[in-house]
Amino acid sequence: MHKVIYDTDPGVDDAMALLFLHRHPDIHLLGVTTVFGNASVDTTTRNALFLKREWSIPCPVARGASVTFDPSRKERAWPTYVHGHNGLGDIEVPATIDLPVDPRPAYQFIIDTVRANPGEVTLVAVGRMTNLALALKHDPEIASLVKDVVIMGGSFYVPGNVTPVAEANIHGDPEAADAVLTASWKVVVVGLDVTAVTTMSRSYLADMAKAGGPSVQLLSDLSQSYIDFYSHAVDDGMMVHDSCACVYVVAPELFNTVEGSVRVVCGGIADGQTIVKQNGRRFAPNEWDNLPNQIVCTGIRSQAVIDLIRDVILGK
């Protein structure tokens, strides 16, 4: 059984990943922590509570960071053209959800939960890494108590999606991402190298909704404008970025990986670029030396991943 804290900014693809985590029989979802990114943290927290209610998810929701790890960074406009003005594809969502939020800030929820389950918790982070960086800042020892960290973010051998070299989650808070990737815990990076080639078609999702009833119909409804957004890159479908990271937790054999130390560029025209110094490569002394060995996904069995997402969500 994988004990998971899901750090997220719902977000359309975040919603699919949440339902996958909730329904996988080998995952015990300990909590959902929210962060700003696809929308404000007020909106992403409301969305997490909405999905918790609609899908009867029993775990707590903790509200997370509303600004970057370095608060002097200026916030850009929310990506409403991707996830809609309400973060969930502009489906009808109540302004408030009558469910409680955990009283602790997300970073403290992470610290407390990890300390209560030493060596057992996997952190799955599919938004900006701000909450994880704050947890490390407030309690550096948790790095030795976390089982592993799986993040959706970065691009290594393919272009970025917000600049030619940067992926959105990393670009949104590069300092936080660099802190997470250079900490002394095991990090698996599931980035655009694999997520950009893993797509679910509109008809595939429609068939899922037909078989899965109202809960999966909700997932299909909130995904429609997201599919429309991807018309420039996908033939009537969408990239399932965040679900790929969740699949890695239970089926790492579906991925090809390399290992090495990873750094994030903080500032300048390459702001948010992720760079791996792959094991076995020799260089003069540099900023990648003497850092933890992390895992970077470079290949994926895309159709097997899509089919696994479907089977888990439909309870097959």
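The tour goes from an annotated span to a helix, and then to single residues.

Before selecting anything, note that this is a predicted model, in which local features need pLDDT of at least 70 and side-chain atom pairs count only at pLDDT 80 or more, while totals for chains, interfaces and linings use all residues. Residues are numbered from 1 along each chain as its sequence is written, and side-chain values use heavy atoms, with hydrogens and water left out.

**Stop 1: the annotated span.** Select residues 4-306, where an unreviewed UniProt entry places the feature "domain: Inosine/uridine-preferring nucleoside hydrolase". Such annotations may be inferred rather than shown by experiment. The end C-alpha atoms of this span lie 21 Å apart, and the span is 36% helix and 19% strand. Helices are DSSP runs of H or I with at least four residues, strands are runs of E with at least two, and both are numbered from the N terminus.

**Stop 2: helix α9.** Select residues 202-212. Which residues of α9 are buried? They are Y204, L205, M208 and A209. Because these residues cover an arc of only 140° around the axis, they sit on the same side of α9; the arc is that of the directions from the helix axis to the C-beta atoms. Buried means under 20% relative accessible area, exposed over 50%, and partly exposed in between, with a 1.4 Å probe and protein chains only. Now show what covers the buried residues, including α1 (12-23), α10 (214-229) and α12 (302-313). After α9 comes G213, with a positive phi near 80°.

**Stop 3: S220.** This residue lies in helix α10. S220 counts as buried because its relative accessibility is 6%. Leaving aside neighbours within four places in sequence, S220 is in contact (heavy atoms within 4.5 Å) with L205 and A209.

**Stop 4: E167.** Go to the loop between β5 (148-152) and α6 (168-172), where E167 lies. E167 is buried yet has no salt bridge, meaning a side-chain nitrogen of Lys or Arg within 4 Å of a carboxyl oxygen of Asp or Glu. The nearest side chain of opposite charge, R128, is 9.1 Å away. Select G154 as well: its backbone nitrogen lies 2.9 Å from a polar atom of the E167 side chain.

**Stop 5: V32.** Finish in strand β2 (residues 27-34), which holds V32. V32 is buried, with a relative accessible area of 3%. Its contacts beyond four places in sequence include Y6, L18 and C59.

Terms used
Lys, Arg positive; Asp, Glu negative; His and termini not counted. Polar contact = N/O pair within 3.5 Å; in protein donor to acceptor, adjacent residues only side chain to side chain.
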